[in-house]
Amino acid sequence: MKRFSCSCGESVFFENTHCLACDSVLGIDPHCLQMVAFPASDPGVDQIVADDGRRYRHCQNRITYNNCNWLVHSPEPDTYCVSCRLNRTIPNLSTDENLLHWTQLERAKRRLVFSLLDLQLPVQSKVRGWPFGLAFDFIEDKRSNPLVEEEHVNTGHAGGIITINVSEADDVLRAMTRKRMSESYRTLLGHFRHESGHYYFEFLVNGQEHRKQFRALFGDATEDYDAAMIRYYSYGPEPRWESKFISAYAASHPAEDWAETWAHYLHMIDSLETAGDYALGVHFDPAAGFDKHIGEWMRLTIALNNLNRSMGLPDAYPFIINSVVASKLRFIHGLLAPQHAAS
């Protein structure tokens, strides 16, 4: 994530809605991926004008719930921002707990969408009529809320719909699930990045040569998925999975290996950009070759993990990138090379 600043020069963060130094109203312009500052005003006004004369409206979810800081260009007919218009289902907001969980879900989704836009990937709303577009369902089940109808909601992707169980936004429940599943890492943003990998597979691995390369690296994507999941959850990952996969779950099926590796590629690019913009000794160039990226990533994760250990915390990045995993990451980098060049 790039470093943002207010028009007054004060550093601000991706989620900020106001500048603490000058009290300007802040918003993200998803078209240029920049933070825009406005004079303090009623958030419900029809138009707000930036210093350079550009005209915007606040996203409707900011006006109604104060949980979005993205902007809508004033000529656009939609009242929701690029990220919020992807929503198909949101939780019942009659409780404070669900409103908090939804706010957390939206924050993670905006980070994902920002990265996708930065990579010049297509982000079109299925809800707004794009048949091959993307949409999100945030749904509860009886395990966390006995009052709802759904017995069991799995986080996953199908046909452009990414479903996230609302309980994943509960830090305590997510930590319990991570322990029960023997996972070293489980985050809300990680879920969004993983599931987006399933969606973008068809866009990126879409030619005979790409499919051939994919099969050589990840395996046969047409392998029976349900049978593979039953095998994985019954017996666990294959022995010595660490030699070929970024995580145990990646060993369950080639499609999950792709999605896990895709998520880690987004982890790497976003974190390298953050470290570079904050002058942490990392030199990040989106158009640089993969070898440069992976070298900087290895140095950064060693430092991150040791910083966490110095604070008595678990490793920030508890994963090993060996040569096999690196080759899979390199494949994804190659698929995104045109997008890197364009951005």
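Modeller: Two strands pair if DSSP finds at least two bridges between them. Helices (H or I, at least four residues) and strands (E, at least two) are DSSP runs, numbered from the N terminus. This is a predicted model: local features need pLDDT of at least 70, side-chain atom pairs count only at pLDDT 80 or more, and totals for chains, interfaces and linings use all residues. Residues are numbered from 1 along each chain as its sequence is written, and side-chain values use heavy atoms, without hydrogens or water.

Colleague: In what order do the three strands of the open sheet stand?

Modeller: The sheet is open and its pairing is antiparallel. Strand 5 (48–49) and strand 7 stand at the edges, each with a single partner strand, so one side of each has no neighbour in the sheet. The order is 5-6-7.

Colleague: Which residue in strand 6 is the bridge partner of valine 49?

Modeller: Strand 5 and strand 6 (residues 55–58) run antiparallel, joined by two bridges. In strand 6, valine 49 is partnered by arginine 55.

Colleague: How many strands does the whole protein have?

Modeller: The C-alpha trace spans about 60 × 50 × 45 Å along its principal axes. Nine helices are present, and the strand count is eleven.

Colleague: What share of the 343 residues counts as buried?

Modeller: Buried means under 20% relative accessible area, exposed over 50%, partly exposed in between (1.4 Å probe, protein chains only). For the 343 residues of this protein, the buried share is 48%.

Colleague: What share of the contacts with a separation of 6 or more comes from residues 24 or more positions apart?

Modeller: Contact means heavy atoms within 4.5 Å. Among contacts in the protein with a separation of 6 or more, residues 24 or more positions apart account for 57%.

Colleague: Is strand 9 (residues 135–139) largely enclosed or left open?

Modeller: Ala135, Asp137 and Ile139 point one way from strand 9, while Phe136 and Phe138 point the other way. Both sets are buried. Since five of the five residues of strand 9 are buried, the rest of the structure leaves it largely enclosed.

Colleague: Where is arginine 85, and is it buried or exposed?

Modeller: Arginine 85 sits in the loop between strand 7 (71–73) and strand 8 (87–89). Leaving aside neighbours within four places in sequence, it is in contact with Val72, Glu76, Asp78, Tyr80, Ser125, Val127 and Arg128. Its relative accessibility is 16%, so arginine 85 counts as buried.

Colleague: How far apart in space are arginine 180 and asparagine 66, C-alpha to C-alpha?

Modeller: Arginine 180 belongs to helix 3 (residues 171–180). At 57% relative accessibility, arginine 180 counts as exposed. Arginine 180 and asparagine 66 are 114 residues apart in sequence, and their C-alpha to C-alpha distance is 35 Å.

Colleague: Which residues are in contact with leucine 335, leaving aside neighbours within four places in sequence?

Modeller: Leucine 335 has 10% relative accessibility, so it counts as buried. With those neighbours left aside, its contacts are Leu204, Val205, His210 and Trp258.
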